[in-house]
Each structure stands twice: as C-alpha cells, then as structure tokens.
Amino acid sequence: MADPYIILNELAQELRPMPQGIEWFEGLSAEEQSHALRLLSHFCIQARATAEDGPESIRRAGLRATHTPAVLISQGQLDQQLGKIASLAPHDERLKSFRLLIAVLAVADGRRRERFCSDGCGHAWHRLAVPPPPPPPPPAAGGAPGPPRPPGRWRCAAPLRLSRQQVRPRRP
Ligand SMILES: [Zn+2]
C-alpha cells in the first residue's frame, strides 16, 4: 500500500475496510505511525471537526469513554486535543487514536461533503473512487447493457451524461 494521504481518506470514506487500515497502521514503524496520526489530525481540522463530533466519533470507533483518546477528545479545544491524541506514545493508545481520528474525519468530512459538495467540488480526496471512463461499447453489440456502476461512490463527481445517440434506441 502506498500513499497515507489516500489510504486515510479511503478509510474515512469507507472505500477501504477498517481491518485493512488497522493492518496497514500496525505494519508502520513508530515514526510512520506518528506521521500518519499527525496527518489525520490535520485532515480533521481541515474538515472543520468540532468538539461536538467527539461522542459520535467515539461511538463509531468503538472506544469506551474511559479510553485515553476518548477522554482527551471530550475536553473541548479540539485542535489542541487532536494534537495530544496524535502524539500518544504507547502502541495500544496509538492504535485507539488511529481508530478515533479516522472516525472524526469520517464524521466531519461526511458533513462537509453533504453540505458543500453535493453539486460537485474541487476536493481531490472526494474523487478517489471514480474510475476512469469505460471504453465505448463495440458497435452492433445488440444493445447489451454495460457493466453496473458501483453504488454510492459518485456523489462528488459530475453526473454521468449520456449522449442522445446512446439514449435513443437503435433501429434495425
Ligand atoms: Zn468535496
């Protein structure tokens, strides 16, 4: 797996299953883990996460209110708390912080997407799952339908427009 920027956003958007993310995170060196957590907390602030996102994020991450990152995020002053969460050192805490920050990003970025991106946007990370356009179907294929599009991944992309020629039924 490559770029943490892409992986972290894919995890927050549920384009990649969380167990895969945890496996990826566990495979990083301590230094790389810290880098990933700092990057994540930066994304959360960019996505305008607020202290009110705490409880929902704790729930989504499956943490208890007594877990250190959950305690920290419940103390207000989110930007400061995110910094503290990102710099927790013990391995267990780091893993919990990772799960929590992914959830915070999911909540805050999901909200931003809903409010501001429904008509399309310039956020590169909101177009992660849009595949390249499919090749045109071969002529005289008997009108067979193309492959189905994956559901739920198109919100930020421009709507797919068919040309008149593609829509109009072919006469024999
Ligand atoms: Zn967007």
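Are Trp24 and Phe98 buried or exposed? Both Trp24 and Phe98 are buried (under 20% relative accessible area with a 1.4 Å probe, protein chains only; exposed is over 50%, partly exposed in between).

A quick word on the model: it is predicted, with local features needing pLDDT of at least 70 and side-chain atom pairs counted only at pLDDT 80 or more, while totals for chains, interfaces and linings use all residues. Residues are numbered from 1 along each chain as its sequence is written, and side-chain values use heavy atoms, with hydrogens and water left out.

Now the rings. The structure has three aromatic pairs, and here are two of them. Rings of Phe, Tyr and Trp (its six-membered ring) pair if their centres lie within 6.5 Å; planes under 30 degrees apart are stacked, over 60 edge-to-face, the rest tilted.

| Pair | Centre to centre | Angle between planes | Type |
|---|---|---|---|
| Trp24 and Phe98 | 6.2 Å | 45 degrees | tilted |
| Phe25 and Phe98 | 4.2 Å | 15 degrees | stacked |

Phe25 sits in helix α2 and Phe98 in helix α7, so their pair ties together parts 73 residues apart in sequence. Helices here are DSSP runs (H or I, at least four residues), numbered from the N terminus. Trp24, Phe25 and Phe98 make up one aromatic cluster.

Then there's the zinc ion, held by Cys117 (SG), Cys121 (SG), His123 (ND1) and His126 (ND1) at 1.9 to 2.4 Å. Donors are N, O and S atoms within 2.8 Å of the metal (3.2 Å for Na, K and Ca); water is not among the atoms, so sites may look incomplete. The four donor atoms subtend angles of 91 to 131 degrees, so the arrangement is tetrahedral (four donors, all angles between 85 and 135 degrees).

Definitions and conventions:
Helices (H or I, at least four residues) and strands (E, at least two) are DSSP runs, numbered from the N terminus. Four donors count as tetrahedral if all angles lie between 85 and 135 degrees; four count as square planar and six as octahedral if opposite donors are over 155 degrees apart and all others between 65 and 115; anything else is irregular.
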